[in-house]
Amino acid sequence: MSELTISGNLQVMGVINVTPDSFSDGGKFESFENAFTHARHLIAQGVDILDIGGESTRPGAPQVDLQEELKRSIPLVGAIREISNIPISIDTSKAKVMQAAVEAGATMINCIWALRLEDSLRVAADLGVKVCLMHMQGSPANMQQNPAYSDVVAEVRDFLKQRIDAALDAGIAGEQIIIDPGFGFGKSIEHNLLLLQSLAEFRQLGVPVLAGLSRKKMIGTILDKPVDQRLYGSLALAVMAAMLGADILRVHDVAETLEEIAMVKALGRAIS
Ligand code: 9MG
């Protein structure tokens with residue numbers, strides 16, 4: 001097990017899926033009204049960043065066309081920006097959605113394809129906002145069919161290093177880059193656990209690390225729980241990720257995670 005590496009600036013990112021088919025909340029926030037109410041609720045709870053997504057990224061999820069994704073996510077970004085200065089991340093891999101979201105007030109792009117799809121790297125560089133570059137083996141359609149690595153930690157680290165270099169070459173400033181090992185994106189439970197244990201290694205790449213473990217299938221498999229009963233498993237993993245070096249935790253249960261994180265931060269102050 002690695003040493004404790006608690007980030008001095010640990011942040012909680014709250015997930016808002018404006019989709020009918022999200023794995024984690026089954027379409028609860030599909031309507032604009034529900035999603036907007038949820039956003040206000042998370043802001044009141046003290047969330048640091050909101051992550052708005054209009055296309056599900058769960059394994060096997062169907063692709064959403066551009067117009068539909070714009071319709072789902074952009075009005076929500078704009079409405080949140082009218083009531084708050086909260087940092088807003090747009091969870092998308094489409095360049096046109098990135099552009100429209102930033103024009104509506106988003107301050108970050110969360111791209112599960114690490115800006116590898118058409119035009120996205122150039123557009124993200126032109127927009128000048130923060131970018132989260134995530135590792136994924138395969139695509140959402142096939143990623144969980146038979147994920148295989150000879151050394152998962154080295155392969156994910158090398159991929160993230162290459163994507164950091166590509167982002168820098170495209171003109172994205174180092175301070176704007178965040179990386180993410182992509183838990184559950186083309187990974188078995190064992191791969192996920194090895195990556196979690198090695199989180200501190202990713203920090204050596206010199207940019208903040210985001211970890212998204214909340215309600216994921218590995219928790220369901222380990223605890224034999226359906227998605228609506230994974231709170232305690234999610235909190236346990238959030239605390240571990242925070243103690244192993246994550247800078248941003250992407251979560252569904254914001255208030256509960258913030259309480260856990262307050263304890264981790266107190267420990268960080270005590271040992272620093
Ligand atoms: C969109 N999305 C779903 N899970 C995620 C994760 O683990 N990381 C990031 N960056 N995005 C995610």
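This report walks through a predicted model of one protein chain, from its overall build down to a few single residues.

## The big picture

Let's start with the parts list: the chain has ten helices and eight strands. Its radius of gyration is 17 Å, close to the 19 Å that the globule rule gives for 272 residues, so the chain is as compact as a globular protein of that length.

How much of the chain is tucked away? Of the 272 residues, 55% count as buried. The accessible surface comes to about 12000 Å², and carbon and sulfur atoms account for 51% of that. Now look at who touches whom: among contacts between residues at least 6 apart in sequence, 69% join residues at least 24 apart.

## Charges and salt bridges

There are 24 positive and 33 negative side chains in the protein chain. The centres of these two sets lie 1 Å apart. Side chains of opposite charge can pair when their charged atoms come close. How many salt bridges does a search of the whole structure find? The count is twelve.

One of them joins Lys94 and Glu55, with the closest N and O atoms 3.6 Å apart. This pair links distant parts of the chain: Lys94 sits in the loop between β3 (88-91) and α3, while Glu55 sits in the loop between β2 (49-53) and α2 (66-83), 39 residues away. Are these two partners buried or exposed? Both Lys94 and Glu55 are buried.

Arg72 and Glu68 give you another salt bridge, and here the closest N and O atoms are 3.0 Å apart. Both residues belong to helix α2, where they lie four residues apart, or about one turn of the helix. An α-helix has 3.6 residues a turn, so residues three or four places apart point the same way.

The two partners fall into separate accessibility classes. Arg72 has a relative accessibility of 16%, so it counts as buried, since the cut-off for that label is under 20%. Glu68 has a relative accessible area of 26%, which makes it partly exposed.

Next up is the salt bridge between Arg157 and Glu201, whose closest N and O atoms are 2.5 Å apart. Here too the pair links distant parts of the chain: Arg157 is in helix α5 and Glu201 is in helix α7 (residues 199-203), 44 residues apart. Arg157 counts as partly exposed at 26% relative accessibility, and Glu201 is also partly exposed, at 29%.

Salt bridges can also join up into a group. Which residues are linked in a network of salt bridges? They are Asp51, Asp91 and Arg250.

Helix α4 covers residues 120-127, and its buried residues are Ser120, Val123, Ala124 and Ala125. What covers them? The cover includes helices α3 (95-104) and α5 (152-170), along with strands β4 (108-111) and β5 (130-134).

Just after α4 comes Gly128, which takes a positive phi of about 70°.

Ala114 has a positive phi of about 55° although it is not a glycine. Asp119 isn't a glycine either, yet its phi is positive too, at about 70°.

## One histidine in helix α1

Finally, have a look at His38, which you'll find in helix α1 (residues 32-45). With a relative accessible area of 14%, His38 is under the 20% cut-off, so it is buried. What is His38 in contact with, once you leave aside its neighbours within four places in sequence? The contacts are Val15, Ile16 and Phe29.

Conventions. Residues numbered from 1 in each chain as written. Predicted model: local features only at pLDDT ≥ 70, side-chain atom pairs only at ≥ 80, totals over all residues. Heavy atoms only, no water. Helix = DSSP H or I, 4+ residues; strand = E, 2+ residues; numbered from the N terminus. Rg over C-alpha atoms; globule rule 2.2 N^0.38 Å. Buried < 20%, exposed > 50% of the residue type's maximum accessible area, 1.4 Å probe, protein only. Contact = heavy atoms within 4.5 Å. Areas by Shrake-Rupley, 256 points an atom, 1.4 Å probe, with all protein chains shown as cover. Lys, Arg positive; Asp, Glu negative; His and termini not counted. Charge placed at Lys NZ, Arg CZ, Asp CG, Glu CD. Salt bridge = Lys/Arg side-chain N within 4 Å of Asp/Glu carboxyl O.
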